[in-house]
Amino acid sequence: MKRLFAILLCAGALAACTKTQPEASKLDVGATEILTPSKATVPQFTIATDAAWKAEVSEKWVVASKLSGTGNDVVKLAVMANTDYSSREALITVKAGSLEKTVKLIQAQMDGIVIDQDKVSIPYTGGDFDFPIQANVSL
């Protein structure tokens, strides 16, 4: 009986010492969409919360300056240059308790004109010929 009482007393003492994080009552990320040029950039966004938060980045070409914290903070995003001829997107998801917000980062494409063929044979008599060109700029 004394042993049971001692075990219950220790369990109660441990439970009383456990520190619980307060539940987040607010979470704001300042911007829900960030547009960047194709070159390497370092945009940032703010986190406003009254609790601990964690962030996740969906793409490897974006590196966040921090992925967790407590309370209000600023997160910088190191965005690598986009060398592709298409724009790309990454999602940064921020969670504080049961609250969740997402920031969409959209990076512009590298501008250029792409000719799909590396050779064109033109008869000596000349004439019309076609070859495919892709462009994401005005010609």
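User: Is threonine 93 buried or exposed?
Analyst: This is a predicted model, in which local features need pLDDT of at least 70 and side-chain atom pairs count only at pLDDT 80 or more, while totals for chains, interfaces and linings use all residues. Residues are numbered from 1 along each chain as its sequence is written, and side-chain values use heavy atoms, with hydrogens and water left out. A residue counts as buried under 20% relative accessible area, exposed over 50% and partly exposed in between, using a 1.4 Å probe and protein chains only. Because the relative accessible area of threonine 93 is 17%, this residue is buried.

User: Which residues does threonine 93 touch, not counting those up to four places away in sequence?
Analyst: Threonine 93 is part of strand 8, a strand being a DSSP run of E with at least two residues, numbered from the N terminus. With contact taken as heavy atoms within 4.5 Å, threonine 93 touches Lys54, Ala55, Glu56, Glu100, Lys101 and Thr102.

User: How many bridges join strand 8 to strand 9?
Analyst: Two strands pair if DSSP finds at least two bridges between them, and lysine 95 is found opposite glutamate 100 in strand 9. Strand 8 and strand 9 form a hairpin with two residues between them, where glycine 97 in the turn has a positive phi of about 65°. The two strands run antiparallel, and the number of bridges joining them is nine.

User: Which strands stand at the edges of the five-strand sheet, and why is one side of each left without a neighbour?
Analyst: The five strands form an open sheet with mixed pairing, in the order 2-9-8-4-6. Each edge strand has a single partner strand, so one side of it has no neighbour in the sheet, and these edge strands are strand 2 (33-36) and strand 6 (68-70).

User: In which sense do strand 2 and strand 9 pair?
Analyst: Leucine 35 stands opposite isoleucine 106 in strand 9, and the bridge partner of threonine 36 in that strand is glutamine 107. Strand 2 and strand 9, which covers residues 99-107, pair over four bridges, and the sense is parallel.

User: Which backbone oxygen does the side chain of asparagine 82 reach at 3.1 Å?
Analyst: Asparagine 82 lies in the loop between strand 7 (73-79) and strand 8 (88-96), and it counts as buried at 3% relative accessibility. A polar contact is a pair of N or O atoms within 3.5 Å; within protein, one must be able to donate a hydrogen and the other to accept it, and residues adjacent in sequence count only if both atoms are side-chain atoms. The side chain of asparagine 82 reaches the backbone oxygen of serine 86 at 3.0 Å. At 3.1 Å, it reaches the backbone oxygen of alanine 108.

User: At what distance from the ring centre of tryptophan 61 does arginine 88 lie?
Analyst: A charge sits over a ring if NZ of Lys or CZ of Arg is within 6 Å of the ring centre and within 35 degrees of the ring normal. Arginine 88 lies over the face of tryptophan 61, and its distance from the ring centre is 4.0 Å.
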